[in-house]
Amino acid sequence: MCGIVGYIGKRKAYPVLINGLKRLEYRGYDSAGVALLNDDNELNVYKTKGKVSDLEAYTEDKDVSGTVGIAHTRWATHGEPNTANAHPHISSSGNLAIIHNGIIENYATLKRRLMEKGVEFKSNTDTEVLIQLIEYIQSTKNLDLLTAVRMALHTVIGAYAIAVIDKRNPDQIIAARKSSPLVVGIGEDEFFLGSDASPIIEYTKKVIYLDDKDIAIIHRGEEVKVVDFYNEEMKHDVTEVALDLAQIEKGGYPHFMLKEIFEQPDCLMDCMSGRVNVEANNVVLSAVIDHREQLVNARRFIIVACGTSWHAAQIGKQLLEDICKVPCEVEYASEFRYRNPVINNTDVVIAISQSGETADTLAAVELAKEKGAFIYGICNAIGSSIPRATHTGSYIHVGPEIGVASTKAFTGQVTVLTMLALALGKERGTIDEQKYKDLIKELYDIPEKMKELLKQCDAIRDISQIFTYARNFLYLGRGYNYPVALEGALKLKEISYIHAEGYPAAEMKHGPIALIDEEMPVVVIATKNVLYEKVLSNIQEIKARRARVIALVNEGDETIKRMADMVIELPHTMECLEPLLATIPLQLLAYFIAVCKGKDVDQPRNLAKSVTVE
Ligand code: G6P
């Protein structure tokens with residue numbers, strides 16, 4: 001969702017801002033803009049609908065000088081994606097400019113009041129209301145910018161990360177956050193601002209992660225000062241970001257998504273590193289050591305998540321119930337937060353989020369915390385809001401995920417859930433020694449098996465080319481592979497815009513079978529587990545209706561080879577680990593279909609990588 005970049009220092013601000021916006025493109029956006037203060041303290045604002053490259057083209061013959069500026073990629077919420085609604089927004093006097101990520105919920109009331117006072121608006125956005133409000137407060141009460149911003153933020157309801165500049169005070173950026181991430185980068189005589197650290201790390205690794213209701217005063221030549229809405233100074237540690245530039249670049253791959261699919265074996269090794277020890281035959285998670293009592297004695301797990309993370313949660317449920325014998329419920333965070341759920345202090349709520357910033361998941365965490373549950377987070381983005389809001393947790397350590405469609409984060413989340421179930425199952429005495437040992441070994445071998453599987457990339461590309469005509473797809477799986485079917489369908493939807501649905505295979509007869517004909521490709525995950533024979537019958541039922549079947553089978557399965565139109569072979573593993581392998585070909589299938597259809601794989605239309613608004 002919206003991306004924020006800011007710069008003040010000794011360099012030309014424009015290239016830093018444009019570069020930063022490109023680093024944030026992955027978040028998803030529909031327009032872009034920049035505001036610069038030139039050496040004559042003139043405020044130049046340029047914005048365009050479309051991509052950052054369109055903004056660059058637009059500014060080719062414009063004055064882009066100056067060493068202070070703010071820039072933004074907008075993902076439309078209030079008002080359609082057009083130039084007027086793009087950020088930055090300027091105040092009526094032309095003195096102030098703002099960029100904003102989030103939603104001002106009471107903007108309509110505020111706008112009406114301001115209009116009654118004679119303020120005129122140029123856009124349909126909630127953001128313009130905020131900058132006009134700041135200016136109104138500043139001019140009517142004759143206040144400095146910081147005080148005006150503080151007072152305005154007391155009046156607004158909603159979620160925001162903002163940055164404001166004032167051409168009468170060109171050596172300063174004021175930034176503030178509530179429920180939307182914001183990071184300040186600290187260089188030598190220069191400062192940076194970002195929605196996350198990715199626009200900053202090529203200049204400095206030193207950052208301050210702002211907390212909710214923090215206001216940062218970033219002044220040229222001075223130390224960054226952080227205050228709360230009441231002007232009380234807030235102390236913040238400067239942290240070192242452990243992120244390399246190479247991690248956020250494509251590294252020779254045509255798309256981030258393909259790079260991230262291929263990174264999975266290494267990512268899972270990183271995820272298991274120091275945690276899974278095959279020789280010592282154990283799984284160690286520091287959270288389970290530090291918070292043994294709360295986690296081991298949990299009477300119920302509730303997993304809250306959105307999107308792909310919710311699919312990982314579905315696998316986690318089965319793992320926790322199978323291995324730990326503790327009931328586990330999975331909830332969409334967006335539903336959980338509003339339905340007044342019954343939560344006890346013996347419940348452990350597990351929040352899964354790649355970005356650690358998803359607004360609904362964060363709100364679900366806060367709610368569960370208020371109701372007395374113990375909260376465990378499974379996140380990827382280090383230092384993001386959800387890990388900071390939880391009691392404990394485990395990072396998945398798969399590195400930055402840039403492609404909007406989640407791939408390596410999913411397998412990382414499933415890996416952490418497997419380790420969690422193993423560590424707790426051992427402590428609870430609900431898993432027998434041999435199964436524990438076998439699972440550890442098998443889990444450790446998964447990255448090697450993934451590498452083998454990835455060698456089928458070309459074959460999967462060939463299969464994909466056959467199906468670009470399809471308008472609908474069905475994905476079927478059972479048990480542990482049912483969430484894999486959901487995830488496979490989601491990947492296809494997200495990036496190729498083909499309608500796809502995932503179903504538990506046996507449910508096919510209760511509806512989806514009515515849709516099956518020769519036009520409908522059906523992907524069936526049919527590995528040799530306890531439900532194999534039943535899935536075999538499903539394939540026969542599909543073939544009887546002349547649909548084309550793409551089957552994911554175990555190596556050497558001749559029976560399904562004879563029945564299905566195409567097969568993709570998976571290495572053998574234990575049933576509960578099958579999702580870690582079966583997901584890979586489905587990611588590749590979606591990727592290649594989308595590429596064949598000429599779609600923007602890394603930045604699919606309307607989608608955002610990190611959904612920081614409701
Ligand atoms: C967005 C992304 C998905 C992601 C979901 C949840 O919809 O496009 O890829 O699965 O948010 O995000 P989270 O960061 O909480 O895992």
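1. Phe-473 touches Phe-467, Leu-492, Ile-498, His-499, Ala-500, Glu-501, Met-520, Pro-521, Val-523, Ile-550 and Ile-593, with residues up to four places away in sequence not counted, and contact here means heavy atoms within 4.5 Å. The model is predicted, so that local features need pLDDT of at least 70 and side-chain atom pairs count only at pLDDT 80 or more, while totals for chains, interfaces and linings use all residues. Residues are numbered from 1 along each chain as its sequence is written, and side-chain values use heavy atoms, with hydrogens and water left out.

2. Phe-473 is also, with Ile-350, Tyr-376 and Tyr-475, among the residues that touch the most other members of the largest nonpolar core, which has 96 residues. Such a core is a set of buried Ala, Val, Leu, Ile, Met, Phe, Trp, Tyr and Cys residues joined through side-chain atoms within 4.5 Å, buried being under 20% relative accessible area with a 1.4 Å probe and protein chains only.

3. The structure holds two cavities of 30 Å³ or more, a cavity being a set of points, on a 1 Å grid over the protein atoms alone, where a 1.4 Å probe fits but cannot get out, with lining residues having an atom within 4 Å of a point. The volume, which is the space filled by probe spheres set on the points, is about 60 Å³ for the largest cavity.

4. The lining of the largest cavity includes Cys-2, Trp-75, His-87 and Asp-126, and it divides into three nonpolar, six polar and two charged residues.

5. The second largest cavity, of about 50 Å³, has Arg-478, Asn-481 and Leu-531 among its lining residues.

How values were computed. Buried < 20%, exposed > 50% of the residue type's maximum accessible area, 1.4 Å probe, protein only. 1 Å grid on protein atoms, 1.4 Å probe; cavity = no way out; pocket = protein on both sides within 12 Å on 5 of 7 lines; lining within 4 Å. Nonpolar A, V, L, I, M, F, W, Y, C, P; charged D, E, K, R; others polar.
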